[in-house]
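Here are some notes from going through the model, jotted down point by point. Have a look at the structure first, then read on.

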Amino acid sequence: MNAITEYFGNITQSLKTISIGMGVTFKHLFTPAVTIQYPTVKMKLPERSRNRLYVNMDDCIGCDQCSKACPVNCIEIEIIKSTPEDDLGITSSGQKKKLHVPVFNIDIAKCCYCGLCVYPCPTECIYMTNVYEFSEFDRNNLIYNFAKMTPAEIETAQIKVKKMDEETAAKKVAAALVAAQAKAALDATTQTSTPQQPTEPQ
Amino acid sequence: MIDWILTQFPDSILGYIIICAVPLLFILPYALVTIYLEMKMSAHMQDRVAYMRTGWHGTLQPFADILKLLQKEDIIPTAADKFLFILAPYIVFIGTYATFAVLPFTSSYIGSDLDLGLFYLVAVSSLVVVGILMSGWASNNKWSLFGALRSAAQIVSYEIPTALVLLSIVMIAGTMNMQQLSQLQSGGISDWYIFGGPFPIVKKLLLLPLMFILFLVQLTASMAEVNRTPFDIPEAESELVQGYNTEYSGMKFAIFYLAEYANLFAVSAITVVAFFGGWGSPFGSFMSGGVWDLFWFVLKGMFFVSINIWLRWTLPRLRVDQLMYVSWKVLTPFALVCMILIGYILVAF
Amino acid sequence: METITKTSHGRTLRTEEMVINMGPQHPSTHGVLRLELVVDGEIVIDVIPHIGYLHRCFEKHSEQMTNYQQVIPYVDRMDYVASMNSELSFAIAAEKLLKIQIPERVDYIRVIMCELQRIASHLIAIGTYGIDIGAFTPFLFCFRDRERILDLFEMTCGARLLYNYIWIGGLSHDLPQQFIPTLKEFIVDFRKNIKELNDLLSFNHIFIKRTANIGVLPADVAINYGCSGPMLRGSGVKWDLRKDEPYSVYNKFDFEVCVGKGEVGTLGDCWDRYIVRVDEMEQSLRIIEQAIQTLPEGNVQSAVPKRIRPNPGEAYARAESPRGELGFYIMSDGTGTPYRIKARSPAFVNLSIISEISRGCMIADLCAITGSVDIVLGEVDR
């Protein structure tokens, strides 16, 4: 008897639940769709949406904080020191720029959109925009170069800084010499007992 | 109509070829419409909109699909049995196409006015299983083989309830001729066998519940015969990837696809002829004859095609043993009991 | 060639066994899991899971980072459908190591986010389970609802999938203005949708027949294998870290631990595991409702340490992720980089049960079992 009730129970249950399910799908046949026609219609992105990175080079001071914060090392920054006579301008927040940034590459193919580079930036010049359509056929096109310096500018900056470095090095040597002499003189005056070797013949 | 074609081409095989090609005129546009219908129905059930870009609301998309399939590379796996691999889709299609020979599209057109129409139908539709087995074996893919074997078991099992249902209909109608079967029900909606057939009221009322059960049996069995959810275990994309047609691509795949949709209409048409008056208008002689017949036949057929689509996108899939359970332990006994009761009613009243 | 012998599975007729490969490219292995099946016709004799296709050296990567903060994007990518919960586990472990107290508002927001994430993750589990069984429509209904949760996340932190939202000691952003009203709207709609989902899938007779009495996992076996989450609760064991070992502020909320009851079949079958997930979504909604009612004010960034440099030592913290007990063990040598990180991932442990419970079932059942375990290969392989 039990088996018979189960048998007919199964059949009625199947018919019942199938019709309930059909009711649900039938209802949905006439509910408006939730999808949108993507390339022609676009969803409004929220303010905080994190998509492609952008660097506002006018504000970049070349501090390398973003590159350090990046967990996938997708930011490549090179810097050249500026000479005191160079005026690199100031950032929008009023900070004086002290470094040339000849290379500021972001490999957006590597980027994991975590946003960790955005927070440490002192001038808020690196941020995530709401651009999300930037597919490319060649992977190399995904390496974005934000630096604005032309090769000529880079060369002059390098020459300048080399010159400056040489000058400072020379100055340093001279200063060191002066200091050494002074020290020797001092030593000679205070500790006459210990014989002193001159560091360098004049 | 057939005589007319034959007289146009006397003593020539050309006439027969043209007769053979007539159902194709129906199947090809029908397949395009059904693909579109299926996509749109499934999408709207799931709160989507399906294709919208090619033409108005994506109406040209089926053409684009066919164009794509035509120019797609035709891949034959190296380890496949080439001969059987190539032959299989055509056998599947032939099995399906052969059923169209006895479908009474209008009161004046039927491919072959066989006296054994229903019997022929049951017989010839099993041919599909040969093609499916062939494709599964020839693909030399274990998953395909599973699909093919499942399909064979399934189609063979579900022939039996179908045959029993059709037998009951034959008992009531006294004919196996599809055209005569439609003719018997042509007196409007109340003459349809689903509502008890053209009989006196007492007999009609007695037959009505039995016919309803038989109709449900036929609907379920027909769904199983076309391998569609909830009976799509030979394809079962989440278990067998794509079943017997996994390895097929390009036009061969398209032929499988076409055969599936053609078969869908064929089984719906059988249901229509057996229970819903074939080409008969629901209003008796009003809106009947000529093109109206075709209109009603296709409309009723498409209605059942839609029900199939509707069920497909609602239900989960059965398991192999449950499928057999449904066939042997539910549908067959019910159909058998109904048949015996119908026999009794026919004799007693 | 057939020999009629009584096999260990109690069947008399035995055919030649076939070895068949399921995955790594297979629709129902949910990613890149490879199952080596030994089948006798449709019957599965043995299942051997092969993993590692998605191994990305999470632990080693973390040890190579320059600071602790950088680990969080990697933690996100472990269980990519429940990133918030992974982040929470890691953050709690790191905070334990640093011994910092976090503001109450942070805890409340974390709970809201994690419960939303739990719903989103369960929606994927339920939807894909529908596909495994052959029903396609519930999947898209689930995704429709999940999309709204992701919209809430995007509104809050800007990302839809990999958030980097829960930081060590705080959160990256406070809740935006329109968050709470949108969330309330969602809760109202989602309650209706759960009912609809139950009508369409959970109590569908075919679905019940496909999942009841399949892949029965007895409670003792589940405990012996170290299963957790819905896997364990589906077997009737009332174990939920949110209740039994409350972390964050879970002890302030009133909710039930859902367990399988064997309503339609045996206790611990696939349907039980499935229905536990459905019920848990309801419980998560309850927690969220309570949390938004009592949300305290505060600054979410006030406790975020400027430099994370814990003293030498070690810490282990575990939390209930949608898949089970997710634990992080961190060892510090006093530098800014973790010396060693070990993740105890629930999906990996739960997956180990698969060959135990699927011997003797059919291929179609194997898909049902794999789906009911709800694995995320990102977390299995790490």
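Predicted model: local features only at pLDDT ≥ 70, side-chain atom pairs only at ≥ 80, totals over all residues.

**Notes on helix packing and interfaces**

1. Let's start in chain C, where α11(C) passes α14(C) in a left-handed crossing.

2. Sorted by class, the contact of α11(C) with α14(C) has 4 nonpolar residues, 1 polar and 2 charged.

3. While you're on helix α11 of chain C, take a look at C:Glu282, which sits in that helix. Setting aside neighbours within four places in sequence, C:Glu282 is in contact with C:Arg191 and C:Ile194. There is also C:Ile187, 95 residues away from C:Glu282 along the chain, with 9.6 Å between the two C-alpha atoms.

4. On to the interface of chain C with chain B. Chain C brings 35 residues to the contact and chain B brings 24. The area buried between the two chains is about 2,500 Å², with carbon and sulfur atoms giving 63% of it. On the chain C side, C:Glu42, C:Thr137 and C:Ile206 supply 19% of the area that chain C buries against chain B, more than any other three residues.

5. How many salt bridges turn up across the interface of chain C and chain B? The rule finds 3.

6. Now chain A with chain B. Here the contact takes 20 residues from chain A and 18 from chain B. Between them, the chains bury about 1,600 Å², and 65% of that is on carbon and sulfur atoms. As for salt bridges across the interface of chain A and chain B, the count is 0.

7. Last, a residue in chain B: B:Asn308, found in helix α11 (residues 291–312) of that chain. B:Asn308 has a relative accessible area of 4%, so it counts as buried, the cut-off being under 20%. What does B:Asn308 touch, not counting residues up to four places away in sequence? The list is B:Met223, B:Arg228, B:Leu264 and B:Ser268.

How values were computed:
Residues numbered from 1 in each chain as written. Chains lettered and ligands numbered in written order. Heavy atoms only, no water. Helix = DSSP H or I, 4+ residues; strand = E, 2+ residues; numbered from the N terminus. Buried < 20%, exposed > 50% of the residue type's maximum accessible area, 1.4 Å probe, protein only. Contact = heavy atoms within 4.5 Å. Left-handed = near helix turned anticlockwise from the far one by under 90°. Nonpolar A, V, L, I, M, F, W, Y, C, P; charged D, E, K, R; others polar. Buried area = accessible area lost by both parts, 1.4 Å probe. Salt bridge = Lys/Arg side-chain N within 4 Å of Asp/Glu carboxyl O.
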